[in-house]
Amino acid sequence: QVQLMESGGGLVQAGGSLRLSCVASGIFFRIDDMGWYRQAPGKQRELVATITRSGSTNYADSVKGRFTISRDNAKNTVYLQTSSLKSEDTAVYYCKAYVRREGGSYLSWGQGTQVTVSS
């Protein structure tokens, strides 16, 4: 089994910043693509940012220039540095990873961490 554990969420004022972390644990060969998604109340889950194992990144237009995704392959960890937060960034943020295990590549999701931005 593979587990993804997010941390770093919380309550922050508009204009502030938070650093989210997600660490993968369990039995696996390696972590391939990783990403952050978010889901606001009453809305569908949406992509925030993704990063390949080699470090290529992709961002939603709504967060470009404000959020930065990075990873540490040795620690099986992905980060999301957020800044200039807005009330519309309020959501549960989920980590997603493609985990290479015996038999193939498997998609895993974390349980989520709440980010609340007060205006």
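**Close-ups of a predicted model**

Arg-38 and Asp-89 are both buried, where buried means under 20% relative accessible area, exposed over 50%, and partly exposed in between (1.4 Å probe, protein chains only). This is a predicted model, so local features need pLDDT of at least 70 and side-chain atom pairs count only at pLDDT 80 or more, while totals for chains, interfaces and linings use all residues. Residues are numbered from 1 along each chain as its sequence is written, and side-chain values use heavy atoms, with hydrogens and water left out.

**View 1. Arg-38 and Asp-89 pair up in a salt bridge.** Here a salt bridge is a side-chain nitrogen of Lys or Arg within 4 Å of a carboxyl oxygen of Asp or Glu. For Arg-38 and Asp-89, the N to O distance is 2.9 Å. Arg-38 sits in strand 4 and Asp-89 in the loop between strand 8 and strand 9, so this pair ties together parts that lie 51 residues apart in sequence. Strands (E, at least two residues) are DSSP runs, numbered from the N terminus.

**View 2. Arg-100 reaches Asp-32 in another salt bridge.** The closest N and O atoms of this pair are 3.0 Å apart. Arg-100 belongs to strand 9 and Asp-32 to strand 4, so the bridge ties together parts 68 residues apart in sequence. Arg-100 is partly exposed, at 33% relative accessible area, whereas Asp-32 is buried at 11%.

View 3. Asp-61 is exposed, with 64% relative accessibility. The count of salt bridges for the model comes to six.

**View 4. Cys-22 and Cys-95 are joined by a disulfide.** The rule for a disulfide is a pair of cysteine sulfur atoms within 2.5 Å, and the model has one. The sulfur atoms of Cys-22 and Cys-95 are 2.2 Å apart, and the link is left-handed, with -80 degrees about the S-S bond. Cys-22 is in strand 3 (residues 18–26) and Cys-95 in strand 9 (residues 91–101), so the pair ties together parts 73 residues apart in sequence. Both ends are tucked away: Cys-22 is buried at 0% relative accessibility, and Cys-95 is buried at 0% as well.

**View 5. The largest nonpolar core has 30 residues.** A nonpolar core is a set of buried Ala, Val, Leu, Ile, Met, Phe, Trp, Tyr and Cys residues joined through side-chain atoms within 4.5 Å. Those with the most contacts inside this core are Trp-36, Val-48, Ile-69, Val-78, Leu-80 and Tyr-93. Strand 9 gives the most to the core, with five residues. Leaving aside residues up to four places away in sequence, Tyr-93 touches (heavy atoms within 4.5 Å) a list of neighbours including Glu-6, Leu-20, Trp-36, Arg-38, Phe-67 and Val-115.

**View 6. Tyr-98, Leu-107 and Trp-109 form a nonpolar patch on the surface.** Patches of this kind take residues with over 30% relative accessible area and no salt bridge, with nonpolar side chains (Val, Leu, Ile, Met, Phe, Trp, Tyr) joined within 5 Å. Together the three have about 270 Å² of accessible area, from the Shrake-Rupley method with a 1.4 Å probe. Leu-107 is found in strand 10 (residues 104–109) and is partly exposed, at 43% relative accessibility.

How values were computed:
Helices (H or I, at least four residues) and strands (E, at least two) are DSSP runs, numbered from the N terminus. Patches are made of residues with over 30% relative accessible area and no salt bridge: like charges are joined within 9 Å, nonpolar side chains (Val, Leu, Ile, Met, Phe, Trp, Tyr) within 5 Å.
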